[in-house]
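I'll look at the ligand first, then at a few spots in the loops.

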Amino acid sequence: MGSGMLGSVKDRERCTGRIRRAPESFLSAEDIAAVASGRRDVLRRGFMAALGLGAASAATVARADDPDIVDPVPWSTTLGLPVAATPYGMPSRYERNLVRRQSPGLTQVGAASVAFTPLQGSFGIVTPSGLHFERHHQGWTDIDPRRHRFMVNGSSPGMVARPMVFTMDDLMRLPSVSRMHFLECGANTGMEWGNVAVPTVQYTHGMISCSEFTGVELRLLLEMCRADLSRGRFVLAEGADGSSMTRTIPMDLVMSGEVLVAWGQNGEMLRPENGYPLRLVVPGVQGVSWVKWLRRVELGDQPWGAKDESIHYVDLMPDGQHRQYTSIQEVKSVITTPSGGQALVGKGFHAISGLAWSGRGAVQRVDVSVDGGRNWRPATLQQPVMSKCLSRFVFPWTWNGERAILQSRAIDDTGHVQPTYRQLREVRGTRSIYHNNAIQSWLVEPGGEVSNVQTA
Ligand SMILES: Nc1nc2c(c(=O)[nH]1)N[C@H]1C(S)=C(S)[C@@H](COP(=O)(O)O)O[C@H]1N2
Ligand SMILES: [Mo]
């Protein structure tokens with residue numbers, strides 16, 4: 001994604017609102033704390049209140065004569081659909097608003113484009129495969145797995161003593177591992193560098209997704225090919241699509257065992273958009289290195305300086321120099337509920353929830369501020385918390401109906417802290433596109449409308 005793709009966003013497209021509606025007398029933050037400490041009487045009182053027994057506000061509380069609870073509903077009084085009516089199950093028709101979307105603020109250059117994951121509607125940490133973001137430099141393709149070949153070779157004689165070509169069958173009989181990792185494009189949140197303030201979290205942060213990937217460790221394949229591991233310092237990974245995506249990967253990452261030649265995604269084969277039948281998995285590293293439709297890995301002793309690493313995915317620093325080979329996706333987080341384009345229905349209790357991640361390891365802590373960064377309190381991290389994987393945080397909040405600025409700040413287990421925009425710009429300047437991990441702010445207005453703002 002180059003700077004030419006930046007544009008202004010006037011269209012404040014609405015996304016699926018998923019704000020849980022809660023009457024004022026629903027659980028307070030103190031009640032939640034009491035419940036967590038085992039006081040179930042409090043929980044019961046909270047739910048009684050939510051059912052309208054003593055509730056002050058009634059917008060979404062079922063009335064006593066509500067036909068949907070008093071009368072027989074059609075789905076209880078008719079035959080259901082037969083099994084296998086949909087051989088491959090699809091989401092409910094009521095969820096059809098929750099889809100990948102192209103940003104109205106980005107220019108589409110032929111098939112080179114991006115569709116963003118609707119993070120505002122996500123729960124937990126897994127991205128359903130059909131909602132995994134897509135970023136193609138030259139369109140996507142559905143390769144016949146019987147004809148797909150994967151080659152391992154060396155850049156000079158002897159670098160790989162036994163170069164090999166594998167079929168999918170050759171690969172899939174090897175010992176495999178399955179691991180959950182996030183995949184984030186280096187350009188994620190890129191438009192915020194220019195304070196474009198795109199309206200929703202889908203467009204600010206939706207170039208991240210998280211899946212379970214299954215594959216064979218690349219180091220095993222290199223060993224099978226009798227690679228010279230004392231001389232080989234980098235591998236070049238190459239895709240079979242029209243863009244011939246080529247990226248240099250340092251061997252220390254490969255030898256850690258984390259880099260996978262993968263065919264599985266969330267328990268099934270990769271989706272065509274995500275690289276079917278084979279892609280590289282490079283945990284913690286920016287998405288561009290996760291070469292899709294992977295056809296070749298070459299071992300060499302120096303970086304290749306390929307097109308996608310010399311002119312793209314470089315960071316323009318304040319002194320005018322480009323920083324190349326930025327690969328680690330630094331510690332970052334974002335509140336997904338509530339987020340831009342949504343609206344809070346009524347003051348009172350709201351569960352703030354979001355995602356946190358780090359390309360260096362596991363998330364250790366997430367702090368949340370509801371006053372634009374003046375005061376911070378730790379959020380709760382949901383289990384499991386895994387290395388180089390999305391983590392879900394939750395934070396109980398009782399909204400007093402006044403203007404509020406919601407922020408989250410993640411800290412990883414290497415001690416890295418997510419920066420503010422001021423801190424990030426002090427080091428990186430203002431002309432970057434890539435690698436923006438700054439703290440995101442959502443403004444909540446007294447009417448409940450939530451929008452994207454930048455604070456220092
Ligand atoms: N062969 C190939 N691999 C590729 C790309 C591509 O265009 N061609 N795009 C890269 C970029 S820039 C990103 S961010 C990720 C996106 O992966 P996804 O489409 O599965 O989300 O794939 C990377 N691998
Ligand atoms: Mo990317």
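**Entry 1: the ligand.** Which N or O atom distance do I get between the side chain of H132 and an oxygen atom of ligand 1? I looked it up in this predicted model, and an N or O atom in the H132 side chain is 3.3 Å from an oxygen atom of ligand 1. Then I checked backbone atoms. F133 has a backbone N or O atom 2.6 Å from a ligand 1 oxygen. For H137, I found a backbone N or O atom at 2.7 Å from an oxygen of ligand 1. I also looked up the area: ligand 1 taken alone exposes 520 Å², and the protein buries 100% of that.

**Entry 2: where the ligand sits.** I wanted to know the site, and ligand 1 turns out to sit in the largest cavity. I count 22 residues around ligand 1, and the closest are F133, H137, D241, K292 and Y313. What does that shell look like by class? I get 9 nonpolar, 7 polar and 6 charged residues around ligand 1. Strand β2, residues 134-136, gives the largest share of the shell, with 3 residues.

**Entry 3: S432.** Next I went to a loop. S432 is in the one between α9 (421-428) and β22 (441-444). Is S432 buried or exposed? I note S432 as buried, because its relative accessibility is 6% and the cut-off for buried is under 20%. I also found a partner for its side chain: a polar contact of 3.2 Å joins S432 to the side chain of R428.

**Entry 4: A343.** Another loop, this time between β15 (332-337) and β16 (348-357), is where I found A343. A343 comes out at 25% relative accessibility, so I wrote it down as partly exposed. I then looked along the chain: A343 and G447 are 104 residues apart, yet their C-alpha atoms are separated by 8.0 Å.

**Entry 5: I311.** My last stop was I311, in the loop between α8 (307-310) and β13 (315-316). Why do I call I311 exposed? I call it that because I311 has 61% relative accessibility, and exposed means over 50%. For I311 and H322, 11 residues apart along the chain, I noted a C-alpha separation of 9.1 Å.

Technical notes:
Residues numbered from 1 in each chain as written. Chains lettered and ligands numbered in written order. Predicted model: local features only at pLDDT ≥ 70, side-chain atom pairs only at ≥ 80, totals over all residues. Heavy atoms only, no water. Near = heavy atom within 4 Å. Polar contact = N/O pair within 3.5 Å; in protein donor to acceptor, adjacent residues only side chain to side chain. Areas by Shrake-Rupley, 256 points an atom, 1.4 Å probe, with all protein chains shown as cover. 1 Å grid on protein atoms, 1.4 Å probe; cavity = no way out; pocket = protein on both sides within 12 Å on 5 of 7 lines; lining within 4 Å. Sits in = over half its atoms within 2 Å of the grid points. Helix = DSSP H or I, 4+ residues; strand = E, 2+ residues; numbered from the N terminus. Nonpolar A, V, L, I, M, F, W, Y, C, P; charged D, E, K, R; others polar. Buried < 20%, exposed > 50% of the residue type's maximum accessible area, 1.4 Å probe, protein only.
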